[in-house]
Amino acid sequence: IALYIWQKGEGPHLTHVPEFCTDDVNSFKVDHCATTFSNFLPLCGEPVKKEDVFVAVKTCQKFHGDRIPVVKQTWEREAALIEYYSDYADTSIPTIDLGIPNTDRGHCGKTFAILERFLNHSSPRTPWLVIVDDDTLISIFRLRKLLSCYDPNEPVFLGERYGYGLGTGGYSYITGGGGMVFSRIAVHKLLASKCRCYSMDAPDDMVLGMCFSGLGIPITHSPLFHQARPMDYPKGYLSHQIPVSFHKHWNTDPVKVYFTWLAPNTEESLNGKKIGYSREDL
């Protein structure tokens, strides 16, 4: 490239390689781009059925009025099986009171109660569990495609991997905000191990990572899950993705984020009107 520039285009010609272009594949520029790329979502067969994915939403009473309406306005319609777990039973949502008090920090007690409920009270034919926060935005439609690449008969723990003390004998864990995906057999092995929270307000995602590490069950990382908002990532990084989730509502319009980044189509019909947003705004 330096030689090409130095000789003002009179040197060796660059070869157009579509896979390396940083322009969007739909842009008019791609025909003249030396570096193009193609976005794709992994698909290893038929997407898993909607009825094969059970979604558990962690919430609490103080967020029933502002966060739950966002879920219902965006991705709830994509989920065939969904329950909201709270510290208060609100029939209008409805939420289920697990009998676990809300904590300001970690939610380990609540998460393990959700795992036990999934294993003991949901249909044993439901192979996948997804646990998300009430301010997680997720595409169940895309997740079902992604899960076609994993065997539900194996212990799978999937999401965005973080690490704790990896240089000193630590462990990897799936960060909770982006969504944590479990196969039923993974939940079974975890609860059979008796590995539990060291306190009710321990960080649930880190405790789960520690438990699965002790069981020898690997953490499966996918860069399509995101612990933060779209604006928190470089635009070039996200331009190479078809994301599955984002997290947090701070200083952003979560409905706008969903319909821009996560809806099954970039334009969605809402109340009979097509809406479309520019990713540059987010």
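Tutor: The questions below set values beside definitions.

Tutor: This is a predicted model, in which local features need pLDDT of at least 70 and side-chain atom pairs count only at pLDDT 80 or more, while totals for chains, interfaces and linings use all residues. Residues are numbered from 1 along each chain as its sequence is written, and side-chain values use heavy atoms, with hydrogens and water left out.

Student: How many helices and strands does the protein chain have?

Tutor: The protein chain has eight helices and 13 strands. Helices (H or I, at least four residues) and strands (E, at least two) are DSSP runs, numbered from the N terminus.

Student: What makes Thr95 count as buried or exposed?

Tutor: Buried means under 20% relative accessible area, exposed over 50%, and partly exposed in between, with a 1.4 Å probe and protein chains only. Thr95 has 7% relative accessibility, so Thr95 counts as buried. Thr95 belongs to strand β3. Of the 282 residues in the protein chain, 48% are buried.

Student: Which residues are in contact with Thr95, leaving aside its neighbours within four places in sequence?

Tutor: Contact means heavy atoms within 4.5 Å. With those neighbours left aside, the residues in contact with Thr95 are Thr59, His64, Tyr84, Ser86, Tyr88, Ala89 and Asp90. Thr59 is 36 residues from Thr95 in sequence, and their C-alpha atoms are 8.6 Å apart in space.

Student: Why are Lys248 and Asn251 pointed out?

Tutor: Most residues other than glycine have a negative phi. Lys248 is not a glycine, yet its phi is positive, about 85°; Asn251, also not a glycine, has a positive phi of about 50°. Lys248 lies in the loop between β11 (245-247) and α8 (254-262), and Asn251 is found in the loop between β11 and α8. With 18% relative accessibility, Lys248 counts as buried, whereas Asn251, with 76%, counts as exposed.

Student: What is pointed out about the peptide bond that joins Ile93 and Pro94?

Tutor: Most peptide bonds are trans. The bond between Ile93 and Pro94 is cis, with omega about -10°. Pro94 is in the loop between β2 (81-86) and β3 (95-97).

Student: How do you know on which side of α5 its buried residues lie?

Tutor: The buried residues of α5 (residues 184-192) are Arg184, Ala186, Val187, Leu190 and Leu191. They cover an arc of only 160° around the axis, which puts them on the same side of α5. The arc is that of the directions from the helix axis to the C-beta atoms. What covers these residues includes α3 (108-121), β4 (128-133), β9 (180-183) and α6 (204-215).

Student: Why are α3 and α6 called oblique to each other?

Tutor: Axes are lines fitted to C-alpha atoms, for helices over the stretch in contact, and angles run from 0 to 180 degrees between N-to-C directions. Angles under 35 degrees count as roughly parallel, over 145 as roughly antiparallel, 65 to 115 as roughly perpendicular and the rest as oblique. The axes of α3 and α6 cross at roughly 60° and come within 8 Å. The two helices α3 and α6 are therefore oblique. Their contact is made by Cys108, Thr111, Phe112 and Leu115 of α3 and Asp204, Val207, Leu208 and Cys211 of α6.
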